[in-house]
Amino acid sequence: MIPGEKDIKGDTQRLYGARPQIVGYSLHGNRYLNISSRCTLRCTFCPKFNGVWDVRGHDLRLQTPPTVEEILAAAGDPRRYREVVFCGLGEPTLRLYTLLEVAKQLREQGARVRLNTDGLANLTHGRDVTPDLEGNIDAMSVSLNAQNAAIYNRHCRPRSEGAYESMLDFVERARGFVPEITLTAIDGLSGVDIAACEGIARRLGVGFRRRVLGAVG
Ligand code: SF4
């Protein structure tokens, strides 16, 4: 384990027993890396909290957290893909140091690296981690999910106080270190005002992408 890495081994290992686990999968010309099954949020709309771990035919339950070597092997030759994307049914930044090491090595091999995140890494790690992203992450998609904390808390059910504000602060800070940032929100969730979400992205000077409820992957 890399120093500082959170140990994410848990009950899933005992529940699901030994079976091949999917660490890398391809979609839309990209290679996706599934490095964590754990989350800081418990989103009501999340497939896994509704018993579904399947993304376009890939069962993303992890029995054990993959190592740096296993993730690099799963990535394959990154030059074959448009982007390598850290994204699974879990929050990649819970394994920040593994993520950074893999991203660094993939970029050295010529990859463009994107991180899909809940934006709660600073809250989780208790420090500003955004400078660590510099030179390792080319693009980042952050789940804004709502135009205010009340709607966000209702849909995302964060475990910690101040999650929404922390996520916005993370985005503001990350702008100096990640060249391309996009906020996302899901159209169709009750109370979510997509135009207002887009306005937040505009105010922060980052991109915005509307996602559609129920469309996974
Ligand atoms: S952050 Fe993503 S993976 Fe985690 S609970 Fe929410 S929707 Fe599911």
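Helices here are DSSP runs of H or I with at least four residues, strands are E runs of at least two, and both are numbered from the N terminus. With that settled, L183 is found in strand β8.

Before going on, a word on the source. This is a predicted model, where local features need pLDDT of at least 70, side-chain atom pairs count only at pLDDT 80 or more, and totals for chains, interfaces and linings use all residues. Residues are numbered from 1 along each chain as its sequence is written, and side-chain values use heavy atoms, with hydrogens and water left out.

Now the overall picture. The protein chain has eight helices and nine strands. Of its 217 residues, 49% are buried. Buried means under 20% relative accessible area, exposed means over 50%, and partly exposed is in between, with a 1.4 Å probe and protein chains only. Contact means heavy atoms within 4.5 Å. Take the contacts between residues at least 6 apart in sequence: 81% join residues at least 24 apart.

Next, the ligand. Where does the ligand sit? In the largest pocket. A pocket is an open set of points on a 1 Å grid over the protein atoms alone, where a 1.4 Å probe fits, with protein on both sides within 12 Å along at least five of seven lines. Sitting in one takes more than half of the molecule's atoms within 2 Å of its grid points. Around the ligand are C39, L41, C43, F45, C46, F49, L89 and G90. Each has a heavy atom within 4 Å of the ligand. Seven of the shell residues are nonpolar, one is polar and none is charged. In that scheme Ala, Val, Leu, Ile, Met, Phe, Trp, Tyr, Cys and Pro are nonpolar, Asp, Glu, Lys and Arg are charged, and the others, Gly among them, are polar.

On to G88, in the loop between β5 and α3. Its C-alpha is 4.5 Å from that of N34, 54 residues apart along the chain. Beyond neighbours within four places in sequence, G88 contacts Y25, L33, N34 and L60.

Helix α3 covers residues 96-108. Its 13 residues reach 18 Å from first C-alpha to last, close to the 18 Å expected. The expected span is 1.5 Å times one less than the number of residues. Buried in α3 are L96, T98, L99, L100, V102, A103 and L106. These buried residues pack against β2, α2, β5, β6, α4 and α5. G110 follows α3, with a positive phi near 100°.

Two backbone cases. Most residues other than glycine have a negative phi. N145 has a positive one, near 70°. N145 is in the loop between β7 and α6. Is N145 buried or exposed? Buried, because its relative accessibility is 3%. R157 also has a positive phi, about 45°. R157 is in the loop between α6 and α7. At 34% relative accessibility, R157 is partly exposed.

Last, back to β8, residues 180-187. L183 has a relative accessible area of 0%, so L183 counts as buried. Outside four places in sequence, L183 contacts V142, L144, V171, I200, A201, L204, V206, G207, F208 and R209. D187 is partly exposed, because its relative accessible area is 29%. Outside four places in sequence, D187 contacts I194, R210, R211, V212 and L213. The C-alpha atoms of D187 and N145 are 9.1 Å apart.

Notes
1 Å grid on protein atoms, 1.4 Å probe; cavity = no way out; pocket = protein on both sides within 12 Å on 5 of 7 lines; lining within 4 Å.
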